[in-house]
Amino acid sequence: MERAEGGFKAKVQKFGSNLSGMVMPNIGAFIAWGIITALFIPTGWIPNEKFGSLVDPMIGYLLPLLIAYTGGKIVHGDRGGVVGATATMGVIVGASVPMFLGAMLVGPLGGFLMKKIDKVLEGKIKSGFEMLVNNFSAGILAAVLALISYVIIGPLVLALNNVLAAGVGAIINMGILPLAHIFIEPAKVLFLNNAINHGILGPLGIEQVAEAGKSILFMLETNPGPGLGILLAYMLFGKGTSKNTAYGSAIIHFLGGIHEIYFPYILMKPSLILAAMAGGASGTLIFSIFKSGLVATPSPGSIFAYLAMTPRGGYIGVLLGVLVSTIVSFLVASAILKVAKEPNDDISTAVNKMEEMKGKKSSVSHTLRDEEKSYKNVKKIIFACDAGMGSSAMGASLLRKKITEAGLDVEVINKSINDIPDDADIIITHKDLTQRARAKNNNAIHLSVDNFLGSPVYDEIVEKLTKN
């Protein structure tokens with residue numbers, strides 16, 4: 001049963017990673033659109049009719065096409081991206097709302113079909129006709145898909161989009177939006193945060209921005225308050241490594257916007273999910289009361305990104321919501337940590353298990369059975385997380401410094417799990433993501449950590465590399 005549940009979670013994580021993989025590379029474009037919207041629409045900081053005319057074309061064409069191209073490229077390179085983007089024009093032109101959901105569907109579909117056609121034609125094209133066949137096969141497929149998207153896929157996606165939008169609108173009107181955190185907070189800790197934010201809330205939020213100039217949906221998953229409250233509680237009532245690392249984690253989380261940094265603290269004591277739920281719900285309640293919203297997704301979820309994406313006149317509600325969610329989360333987390341009597345609630349118990357029980361089988365050493373693989377000729381170490389930008393970047397930076405200090409000639413880089421290269425010698429992931437990393441590349445040495453910010457695994461890697 002445990003293996004089945006793990007497999008299901010891995011599949012859901014992979015689905016969410018695919019969705020976020022289409023959005024994350026294009027976040028810069030979303031932020032650019034958000035800045036232009038916040039500044040130049042009639043209710044913006046500097047209303048300007050000419051500059052404001054950029055808003056609709058960007059949200060209607062540029063952003064969906066970027067998503068579609070990226071989705072198609074993930075499946076089948078540039079050819080898949082071109083076909084996916086061209087086919088997506090069918091759902092864009094045939095719809096009256098921004099077609100982000102349509103782009104997430106048609107973009108990868110175009111790449112998939114192009115890949116299948118190329119597979120069929122492989123080895124069957126006469127010499128000298130490769131360019132002709134390749135160009136026309138892509139062009140014909142893109143044209144057919146664009147027409148099908150306009151006539152069939154577009155209306156279906158629009159209907160689904162309207163149902164989702166109506167459902168969200170009903171929840172908001174009923175005043176029960178804070179209850180969404182009962183589902184959002186546990187899903188975040190299971191590394192489904194990108195699926196929730198970029199796959200569901202983001203596209204619906206952008207449509208609300210097109211109508212109202214802001215959306216509260218951007219604030220449900222990204223609010224840094226609940227995580228900050230939990231880390232503050234660890235600063236006061238944590239033990240050992242958990243207390244010591246909470247200070248740096250709070251800075252990285254709140255100012256840097258990398259929320260994954262606080263997930264291990266909840267995973268160490270799952271009851272703390274109640275603090276995240278309470279903090280998230282209270283913050284969203286304040287956002288709702290003040291009718292707060294952002295103009296685009298704050299990515300990463302830093303307080304600076306929050307302020308940058310806040311429309312004129314909305315700072316009081318936004319800041320108050322973040323503050324209230326922090327306080328509520330802190331109070332609940334503090335109560336849980338103070339009454340906890342388990343001797344192993346220190347995060348060091350989790351991250352140091354292998355160090356403390358060398359020579360014995362433990363949950364960590366079981367995960368790290370790759371030890372028996374050789375550390376000779378290791379040239380590339382990959383840190384992998386869901387998006388490849390947050391926690392993996394921090395871990396890579398820490399290990400890279402240790403590698404340099406040891407005088408070793410080993411490349412240390414961070415990647416998303418979907419982009420793990422075939423020539424990786426060692427792959428380091430959070431323990432909840434190791435299964436997906438193995439599926440991507442099972443030839444490398446796989447190491448799992450509980451906390452990217454402070455793991456004894458890094459020193460052990462340097463020690464073994466030095467000996468070999």
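**Figure 1. A loop between two helices, with Lys291 in it.** Start in the loop that runs between α11 (273-289) and α12 (303-308), where you'll find Lys291. This is a predicted model, so keep that in mind for every view here. Is Lys291 buried or exposed? Lys291 is exposed, with a relative accessible area of 61%. Take a look at its backbone too: phi of Lys291 is near 55°, which is a positive value in a residue that isn't glycine.

**Figure 2. The whole protein chain, before we zoom in again.** What is the chain built from? It has 19 helices and 4 strands. Of its 468 residues, 53% count as buried. The chain exposes about 21,300 Å², and carbon and sulfur atoms supply 65% of that area. If you take the contacts between residues at least 6 apart in sequence, 73% of them join residues at least 24 apart.

**Figure 3. An open sheet made of 4 strands.** In what order do the strands sit? Going across the sheet, the order is β2-β1-β3-β4, and the pairing is parallel. At the edges stand β2 (411-416) and β4 (445-449); each has a single partner strand, so one side of each is left without a neighbour in the sheet. On average, neighbouring strands of this sheet are turned by 25° against each other, ignoring direction.

Figure 4. How many bridges join β3 to β4? There are 5 bridges between β3 (residues 426-430) and β4, and the two strands run parallel. You can pick out His430 here, standing opposite Val449 in β4. Helix α17 (residues 391-405) lies across β1 (380-385), β2 and β3, and runs at about 175° to β2. Another helix, α19 (residues 457-467), packs on the sheet as well, touching β1, β3 and β4. The direction of α19 makes about 150° with that of β4.

Figure 5. The structure holds 6 aromatic pairs, and one of them is formed by Trp45 and Tyr315. This pair is tilted, with 6.1 Å centre to centre and 55° between the planes. Which parts does the pair tie together? Trp45 lies in the loop between α2 (27-40) and α3 (49-52), while Tyr315 is in helix α13 (residues 315-339), so the pair ties together parts that are 270 residues apart in sequence. Trp45 is partly exposed, with a relative accessible area of 40%. Tyr315 counts as partly exposed too, at 28% relative accessibility.

**Figure 6. Helix α8, mostly covered.** How many of the 13 residues of α8 are buried? The count is 10, and among them are Gly225, Pro226, Gly227, Leu228 and Tyr234. As for its length, the 13 residues of α8 should span 18 Å at 1.5 Å a residue. The end C-alpha atoms of α8 are 18 Å apart, which agrees.

How values were computed:
Residues numbered from 1 in each chain as written. Predicted model: local features only at pLDDT ≥ 70, side-chain atom pairs only at ≥ 80, totals over all residues. Heavy atoms only, no water. Buried < 20%, exposed > 50% of the residue type's maximum accessible area, 1.4 Å probe, protein only. Contact = heavy atoms within 4.5 Å. Areas by Shrake-Rupley, 256 points an atom, 1.4 Å probe, with all protein chains shown as cover. Pairing = 2+ DSSP bridges. Axes fitted to C-alpha atoms, helices over the stretch in contact; angles between N-to-C directions. Phe/Tyr/Trp six-rings, centres within 6.5 Å; stacked < 30°, edge-to-face > 60°. Expected span 1.5 Å × (residues − 1).
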